[in-house]
Amino acid sequence: MKREKCTAIVLAAGQGKRMRSKIQKQFLLIKGKPVLYYSLACFQKTDWVDDIILVSSEDSIEFCRRDIVLKYGLTKVSKIIAGGKERYDSVYQGLLACENCDYVFIHDGARPFITEEMLNRALDGAMRYQACVVGMPSKDTIKISDKEGMIAATPDRRYVWTIQTPQAFRYSLIREAHEELRRGDMQGITDDAMVVEKTKGCRIKLVEGSYENIKITTPEDLMIAENFVEKI
């Protein structure tokens, strides 16, 4: 029986203005290696991930090829392509670049600390439900504010999750969802789960990621990451 093909789309086109650095956050170093390297390496070593499509800015393509993909022997990176103006544009370009794909992982390259166990949980969720996102139950009480900055509601913390990446989907579902989105209102879309929620209306499975699966956004995150990388 044919094994279904899994492709990872890794997004590395963000500018990272909150990092206050001339270097894009995904290219900053953690223990001598770029932030982007760590998630690519995890997809590389996961046996059932067949290929990786790396989405970067146009002017970073050669740097990614030479100083990350070739330097670290990331042979599963089959394509390095230019992203778009917004995150959902970059994802869409990645989806268009997929070939004969059954399941796709969409991951932010600024999240270096994914694990193979996390990927296994996400794939299982996608195979069972067509769409799956990783995240963690919130450790904090969450307040919903109104337009004046006053508390409007307090959701039950038992049902509040902080969403992470990767997010995993049956390819046909997420491709159709993005194409439908582009024919309508794209405002306020911050992740691919929202694309599916908005266009397809199907339920999406939540599975645990890790509290260490942080996104490198600020200089403080980079200091935390230095501690986490020593555990790898």
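Guide: In strand S10, tryptophan 161 is the bridge partner of proline 137. The model is predicted, so local features need pLDDT of at least 70, side-chain atom pairs count only at pLDDT 80 or more, and totals for chains, interfaces and linings use all residues. Residues are numbered from 1 along each chain as its sequence is written, and side-chain values use heavy atoms, leaving out hydrogens and water.

Visitor: How many bridges join strand S7 to strand S10?

Guide: Strands here are DSSP runs of E with at least two residues, helices are runs of H or I with at least four, and both are numbered from the N terminus. Two strands pair if DSSP finds at least two bridges between them. S7 (residues 131-137) and S10 (residues 161-170) run antiparallel, and the bridges joining them number six.

Visitor: Which strands are the edge strands of the sheet?

Guide: The open sheet has seven strands with mixed pairing, in the order S5-S4-S1-S6-S10-S7-S11. An edge strand pairs on one side only, and the edge strands are S5 and S11 (205-208).

Visitor: Why do the buried residues of H2 line one face of the helix?

Guide: Buried means under 20% relative accessible area with a 1.4 Å probe, protein chains only. In H2 (residues 61-70), the buried residues are Ile61, Cys64, Ile68 and Val69. Seen down the helix axis, they line one face because they fall within an arc, taken from the directions from the axis to the C-beta atoms, of 80°.

Definitions and conventions: Buried < 20%, exposed > 50% of the residue type's maximum accessible area, 1.4 Å probe, protein only.
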